[in-house]
Each structure stands twice: as structure tokens, then as C-alpha cells.
Amino acid sequence: MAEQVTDATFESLVLKSDLPVLLDFWAPWCGPCRAVGPIIDELAKEYEGKVRVVKMNVDENPATPTKFGIRAIPTLVLFKNGETVEQITGAVTKVAMKELLDSKALA
């Protein structure tokens with residue numbers, strides 16, 4: 001299961017993480033977000049110990065998405081050493097997410 005991140009925990013769990021972090025910005029009312037959700041949870045298990053996979057509900061935590069200019073969801077943002085490495089908006093396949101993680105997070 002992907003860990004839930006809030007505006008309050010964002011800095012400590014994402015920006016200061018020793019591991020690369022894949023952050024899924026989502027909301028419960030978003031159909032494509034619900035489609036991507038199970039894939040995010042699978043990736044959290046598959047990449048455990050290598051990449052931290054987390055989710056942030058944009059309705060409950062508006063400050064962080066605003067800071068990063070998130071205008072559509074789902075949006076996946078890959079952070080490495082506290083910096084944004086890659087950003088993908090829209091529902092993407094598990095294969096595309098794994099390619100992103102393997103090429104950018106673990107490279």
C-alpha cells in the first residue's frame with residue numbers, strides 16, 4: 001500500500017527522503033485516479049526499499065499541489081534528492097511507470 005503524504009509531512013517524507021520518491025497527486029472523485037490507484041499500490045510493494053511510493057489527496061492538502069503547479073490529476077511526480085526529476089499527468093500504464101522508475105529513479 002502506498003503511504004499517504006500530507007502538506008505537513010511532505011517535506012520530511014518526500015523532500016528529505018533518502019530514497020527517490022514517486023508521488024501520486026489524486027482525489028477520490030477522480031475516475032482516472034481510481035484506475036491508477038491499484039497500480040501505485042503494486043509499485044509501492046515492488047519497489048519497497050528502492051523507491052518510496054506515496055499518494056497525496058489534493059482536496060485535503062491544497063498547499064503542496066499549488067506549490068508544484070499541479071493543475072490536473074492524476075499527476076505523478078518523481079523526486080530524487082529533494083528535486084523534481086520527472087512529471088507525468090494523466091493515467092499511464094504500469095509499464096510506463098516502471099520505465100520511469102527504472103530509468104530515472106534507479107539510474
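**How do the helices cross?**

In which hand does helix 2 pass helix 4? The crossing is right-handed. A crossing is called right-handed if the near helix is turned clockwise from the far one by less than a right angle, and left-handed if anticlockwise. Helices here are DSSP runs of H or I with at least four residues, strands are runs of E with at least two, and both are numbered from the N terminus.

This is a predicted model, where local features need pLDDT of at least 70, side-chain atom pairs count only at pLDDT 80 or more, and totals for chains, interfaces and linings use all residues. Residues are numbered from 1 along each chain as its sequence is written, and side-chain values use heavy atoms, with hydrogens and water left out.

**Helix 2 against helix 4**

Two packed helices are described by the angle between their axes and the distance between the axes. Helix 2 covers residues 31-46 and helix 4 covers residues 94-105. Their axes come within 10 Å and cross at roughly 40 degrees. Helix 2 is therefore oblique to helix 4. Axes are lines fitted to C-alpha atoms, for helices over the stretch in contact, and angles run from 0 to 180 degrees between N-to-C directions. Under 35 degrees counts as roughly parallel, over 145 as roughly antiparallel, 65 to 115 as roughly perpendicular, and the rest as oblique.

Which residues meet? Helix 2 brings Val-36, Ile-39, Ile-40, Glu-42, Leu-43 and Glu-46. Helix 4 brings Lys-94, Met-97, Lys-98 and Leu-101. Contact means heavy atoms within 4.5 Å. The residues of this contact divide into six nonpolar, no polar and four charged. Ala, Val, Leu, Ile, Met, Phe, Trp, Tyr, Cys and Pro count as nonpolar, Asp, Glu, Lys and Arg as charged, and the others, Gly among them, as polar.

**Two buried loop residues**

Val-5 sits in the loop between strand 1 (3-4) and helix 1. Its relative accessibility is 1%, so Val-5 counts as buried. Buried means under 20% relative accessible area, exposed means over 50%, and partly exposed lies in between (1.4 Å probe, protein chains only). Leaving aside neighbours within four places in sequence, Val-5 is in contact with Phe-10, Leu-13, Val-14, Val-54, Lys-55, Met-56 and Asn-61.

Ser-17 belongs to the loop between helix 1 (10-15) and strand 2 (21-26). Ser-17 is also buried, with a relative accessible area of 10%. A polar atom of its side chain lies 2.9 Å from the backbone oxygen of Leu-19. Beyond its neighbours within four places in sequence, Ser-17 is in contact with Ser-12 and Arg-52.

Is Trp-29 buried or exposed? At 58% relative accessibility, Trp-29 counts as exposed. Trp-29 is found in the loop between strand 2 and helix 2. Not counting residues up to four places away in sequence, Trp-29 touches Arg-34, Asp-59 and Ile-73. The side chains of Trp-29 and Asp-59 make a polar contact at 2.6 Å. A polar contact is a pair of N or O atoms within 3.5 Å; within protein, one must be able to donate a hydrogen and the other to accept it, and residues adjacent in sequence count only if both atoms are side-chain atoms.

Thr-93 lies in the loop between strand 5 and helix 4. Thr-93 is partly exposed, at 49% relative accessible area. A polar atom of the Thr-93 side chain lies 3.1 Å from the backbone nitrogen of Ala-96.

**Backbone exceptions**

Most residues other than glycine have a negative phi, and most peptide bonds are trans. Asn-81 has a positive phi of about 55 degrees although it is not a glycine. Asn-81 is in the loop between strand 4 and strand 5 (83-89). With a relative accessible area of 65%, Asn-81 is exposed.

The peptide bond from Ile-73 to Pro-74 is cis, with omega near 0 degrees. Pro-74 lies in the loop between helix 3 (63-67) and strand 4 (75-80). Ile-88, in strand 5, touches Pro-74, Thr-75, Leu-76 and Leu-100, not counting residues up to four places away in sequence.
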